[in-house]
Amino acid sequence: MTLIAACGPGKNDTDDGSSTSSTTSGSTDPTESADPTESTGATESTDATESTDATASSTSPNTSDPSTTTGTTGPDEDEFGFICVELVKAENEEGDPFAGTTTIYLTLEYDSCLNDFYTVTHPEYAGGPEGTAVLEEWRDRLCSEPVGAALVACEVDGFEQNMPDGAPAQFTVVYKALDAAQIDGRTLLWGPAPLAELAGCEPKARLTTPVSVLGFPEQGGPLWQAQSWENPIGLVKSEASGCIRVSVAKNL
């Protein structure tokens, strides 16, 4: 397992005792001149007009300058996106399973498109400086992206990428929950991962086991995990639609 950026201590140890490595992650033509046969007064009048036009031209803003474009359009358009995962209390839960939650682990398994992207076509994003730069940008965006859905109040603690030989790769995002009362019915953004244009295929990832989503208190083992889920396969997008929906139950 490669630890792409630092995580909270203790909760990301593997079952087999292995550990992860860490990195922190229209003006007058200036060539024109007054007719020398005209009077001096006419010449001065022409010069004054040209000076006024030139001044107006130089002070008018260029609204077509592409460098002023911001957001997700034009030259600054994103190449990476996310998969949305909605967390809800399971129907058979009497209490609030999220009470006391301070940390959430969300792990999705890459499909073949994402697996090939990170291992074959663009391995520089798996552990090189390019990948680190993308992760650091999205460290803040995953909990604040304006996607139209109510997001879990959170901060990103770190990322883990597990790419074993002969097995599907997995990517984990570790979130610090800022308010346990703002988890139920809210959405987490998993990522970043390449959008289809950069990936050259349809980038998807899936939730595979109950322990793919875990909630922890300040100290001790997991408080809750996934009990069931709908639409387990998510497509990497720039919007919160078609989310994976996870029903959560207390960990017994």
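Biologist: In which strand is E109 found?

Modeller: E109 is found in strand β3, which covers residues 103-110. Helices (H or I, at least four residues) and strands (E, at least two) are DSSP runs, numbered from the N terminus. Please note that this is a predicted model, in which local features need pLDDT of at least 70 and side-chain atom pairs count only at pLDDT 80 or more, while totals for chains, interfaces and linings use all residues. Residues are numbered from 1 along each chain as its sequence is written, and side-chain values use heavy atoms, with hydrogens and water left out.

Biologist: Is E109 buried or exposed?

Modeller: E109 is buried, where buried means under 20% relative accessible area, exposed over 50%, and partly exposed in between (1.4 Å probe, protein chains only).

Biologist: What is E109 in contact with, leaving aside neighbours within four places in sequence?

Modeller: With that exclusion, E109 is in contact with P168, A169, Q170, K204, A205, R206 and T208. Contact means heavy atoms within 4.5 Å.

Biologist: Changing topic: how many disulfides does the structure hold?

Modeller: The structure holds three, a disulfide being a pair of cysteine sulfur atoms within 2.5 Å. With bonded cysteines counted along the chain, they follow the pattern 1-6, 2-5, 3-4.

Biologist: Which cysteine is joined to C84?

Modeller: C84 is joined to C243, with an S to S distance of 2.0 Å. The torsion about their S-S bond is about -100 degrees, so this disulfide is left-handed. C84 lies in strand β2 (residues 80-89) and C243 in the loop between β10 (233-235) and β11 (244-250), so the pair ties together parts that are 159 residues apart in sequence. C84 and C243 are both buried.

Biologist: What is the handedness of the link of C113 and C201?

Modeller: The link of C113 and C201 is right-handed, with 80 degrees about the S-S bond. Its S to S distance is 1.9 Å. C113 is in helix α2 (residues 112-121) and C201 in the loop between α5 (196-199) and β7 (204-206), 88 residues apart. C113 is buried, with a relative accessible area of 6%, whereas C201 is partly exposed, with 29%.

Biologist: And where are C143 and C154?

Modeller: C143 is in the loop between α4 (129-141) and β4 (154-162), and C154 is in strand β4, eleven residues apart. Their disulfide has an S to S distance of 2.0 Å and is left-handed, with -110 degrees about the S-S bond. Both cysteines, C143 and C154, are buried.

Biologist: Now the aromatics. How many aromatic pairs are found in the whole structure?

Modeller: A search of the whole structure finds eleven. Rings of Phe, Tyr and Trp (its six-membered ring) pair if their centres lie within 6.5 Å; planes under 30 degrees apart count as stacked, over 60 as edge-to-face and the rest as tilted. One of the pairs is F98 and W224, which is edge-to-face at 5.2 Å centre to centre and 75 degrees between the planes. F98 is in the loop between β2 and β3, and W224 is in strand β9 (residues 224-230), 126 residues apart. Both F98 and W224 are buried.

Biologist: Is the pair of F159 and F171 stacked or edge-to-face?

Modeller: The pair of F159 and F171 is stacked, at 5.8 Å centre to centre with 25 degrees between the planes. F159 is in strand β4 and F171 in strand β5 (residues 170-177), twelve residues apart.

Biologist: Which residues do ring pairs link into a cluster?

Modeller: The cluster consists of F80, Y110, F117, Y118, Y125, F159, F171 and W190.

Technical notes: Lys and Arg count as positive and Asp and Glu as negative; His and the chain ends are not counted. A salt bridge is a side-chain nitrogen of Lys or Arg within 4 Å of a carboxyl oxygen of Asp or Glu.
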